[in-house]
Amino acid sequence: MTMPTYLGMPAFPQAAREAVADERLRGNLAHATGTIRDRRRAAVAELDDWAALREAGRRIKDHTLRYLDHYLRELEERVTAAGGTVHWARDAAEANRIVAGLVRATGQTEVVKVKSMATQEIGLNEALAEEGITAYETDLAELIVQLGDDRPSHILVPAIHRNRSEIRDIFRRRMPGAPADLSDEPADLAEAARRHLRAKFLSAKVAVSGVNFAVAETGTLVVLESEGNGRMCLTLPETLISVMGIEKVVPTWRDLEVFLQLLPRSSTAERMNPYTSTWTGVTPGDGPQDFHLVLLDNGRTATLADEVGRQALRCIRCSACLNVCPVYARAGGHAYGSPYPGPIGAILSPQIRGIGSEVDASLPYASSLCGACFEACPVAIDIPEVLVHLRAKAVEEGPRHPLVGTAMAAAGWTLRSPRRLALAQRAASASRRLIGRRGRIRRLPGPLRAWTDSRDAPAPPPESFRAWWKRTNGGRS
């Protein structure tokens, strides 16, 4: 297993069609993404050197990916020297086995979790549940999703598809100790979550986190978050297990400085991240005394081998591309059938999982190619370029309609003979009145309808160029 496809999810076109029909969802998304987008634009405009910072982030990421093996070995050496233990996981299944084994070794059956895209990617909560271990999400939005038996729909704001009244109803139904008269005021909802989580923070012996960045030169790990729940998880438990995608390493603290400027403004539109936690191995008498780092490949090495697609590994999970994408703003995150929604998900998921499934073959087409995502990306990932590249791969490697081969064979047979081509052109011209109206084909029959359902096609001309040339002697008669 590399990364789970949400169970029962159809390909993007069908999922998006159903999502767009949900007026409440569209309203929630329009309000949330519009607010975040406007705030981010103002925060970025404050910096005269934003373009230079963006270019620096791109270059650091590209350099690190080029020498990834070196920096990962250096990171392992530094973490180990500082008292931590490093584990290597080839895929999601191996990572889940490692984490579950580490938790079982402590004798605990509960863990608290810091919000983490990597653990969503590998389906860790579900894997732990199969081992009899309960994982409690502590990020407010992740808690909403977990209590509602829901799925995240946004990288930064997983419950963006929910409004305040829906959240209140979820808390009333599912949160132990929630007041029966709980209102939908944000302060009241946050207070209810705070009281619920406080007991978990104080009793938990094991925590699981993701990693935003890892500094190779010192073995230091970095987590950025906005609520303080992450810091509670990173400091109070006795055992800390961090799951990190191998692309999250940066060479030096000086490199980290660039991303600590890029990420807050691109994600939460803040000048400085509210809570930035760093730790290096184990410090006697301070924080967790047993630290484990799980380095996750899970398709990243294969992605790295693709000269065009590898730029997706620059991603710092800021979600800026989601907030400017007109497709995401109308379809929402669930339609992508992956923990990674939006434009970055459309290029990352098919590379991590492969384009063998109908869902993944459809994701590169989940875009208008308007380029807004590229303009917003703080590390200059050319998402439209990768989308076009993956569309070509989807045609070559992905599932095809059974009629495609027949149609291509028929076209080849026709084009190999001037006589057959002329007959086909005359037949097309004769069909003009049957299938065309006002110069356009509105709807083709049978499987060909998939083409005209999304676009008009010009009707065949009254005669072909070859026929006109023969009749007019090249326009001279």
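This is a predicted model: local features need pLDDT of at least 70, side-chain atom pairs count only at pLDDT 80 or more; totals for chains, interfaces and linings use all residues.
**The whole chain**

Start with everything shown. The protein has 477 residues, of which 51% count as buried. Its secondary structure comes to 24 helices and 13 strands. Along the principal axes, the C-alpha atoms fill a box of roughly 95 × 55 × 50 Å.

Select helix α12, residues 253-267, and pick out S266 in it. S266 has a relative accessible area of 0%, so it is buried.

Next, select R265 and E46. Their side chains meet in a salt bridge, with 3.1 Å from N to O. R265 belongs to helix α12, while E46 sits in the loop between α2 (23-45) and α3 (50-66), so this pair ties together parts that are 219 residues apart in sequence. How exposed is each partner? R265 counts as buried because its relative accessibility is 7%, under the 20% cut-off. E46, with a relative accessible area of 40%, is partly exposed.

Side chains of opposite charge can pair when their charged atoms come close. The count for this protein is 27 salt bridges.

Go to helix α3 and select R58 and E55, which lie three residues apart, about one turn of the helix. The salt bridge between their side chains is 2.6 Å from N to O. R58 is partly exposed at a relative accessible area of 23%, and E55 is partly exposed too, at 29%.

Another pair to select is E166 and R162, whose side chains meet at 3.6 Å, N to O. E166 is buried, with a relative accessible area of 12%, whereas R162 counts as partly exposed at 26%.

**Inside: the cavities**

Rolling a probe the size of a water molecule over the atoms shows where empty space is left. The whole structure holds four cavities of 30 Å³ or more.

Select C315, C318, C321, C377 and P378 to find the largest cavity; of its 14 lining residues, these lie nearest its centre. The volume of the largest cavity is about 90 Å³. Which classes of residue line it? The lining of the largest cavity has twelve nonpolar residues, one polar and one charged.

For the second largest cavity, select C325, P343, S367, C370 and C373, the closest to its centre among 15 lining residues. The space in this cavity is about 80 Å³. Helices α14 (320-324), α15 (326-331), α18 and α19 each supply at least two residues of the lining. Twelve of the lining residues are nonpolar and three polar, with no charged residues.

**Two residues with positive phi**

Select A380, in the loop between α18 (372-376) and α19 (383-397). A380 is not a glycine, yet its phi is positive, near 60°. A380 counts as buried at 12% relative accessibility.

Then select N298, in the loop between β10 (290-296) and α13 (300-304). N298 also has a positive phi, about 50°, without being a glycine. Its relative accessibility is 0%, so N298 counts as buried.

**Last stop: a surface patch**

Finish with F465, W468 and W469, which form a nonpolar patch on the surface. Together they have about 350 Å² of accessible area. F465 is in helix α24, residues 465-472, and is exposed, with a relative accessible area of 57%.

How values were computed. Residues are numbered from 1 along each chain as its sequence is written. Side-chain values use heavy atoms; hydrogens and water are left out. Helices (H or I, at least four residues) and strands (E, at least two) are DSSP runs, numbered from the N terminus. Buried means under 20% relative accessible area, exposed over 50%, partly exposed in between (1.4 Å probe, protein chains only). On a 1 Å grid over the protein atoms alone, a cavity is a set of points where a 1.4 Å probe fits but cannot get out, and a pocket is an open set with protein on both sides within 12 Å along at least five of seven lines; lining residues have an atom within 4 Å of a point. Grid points are joined across faces, edges and corners, and a volume is the space filled by probe spheres set on the points. Ala, Val, Leu, Ile, Met, Phe, Trp, Tyr, Cys and Pro count as nonpolar, Asp, Glu, Lys and Arg as charged, and the others, Gly among them, as polar. Patches are made of residues with over 30% relative accessible area and no salt bridge: like charges are joined within 9 Å, nonpolar side chains (Val, Leu, Ile, Met, Phe, Trp, Tyr) within 5 Å. Accessible areas come from the Shrake-Rupley method with a 1.4 Å probe; for residues, only the protein chains shown count as cover. A salt bridge is a side-chain nitrogen of Lys or Arg within 4 Å of a carboxyl oxygen of Asp or Glu.
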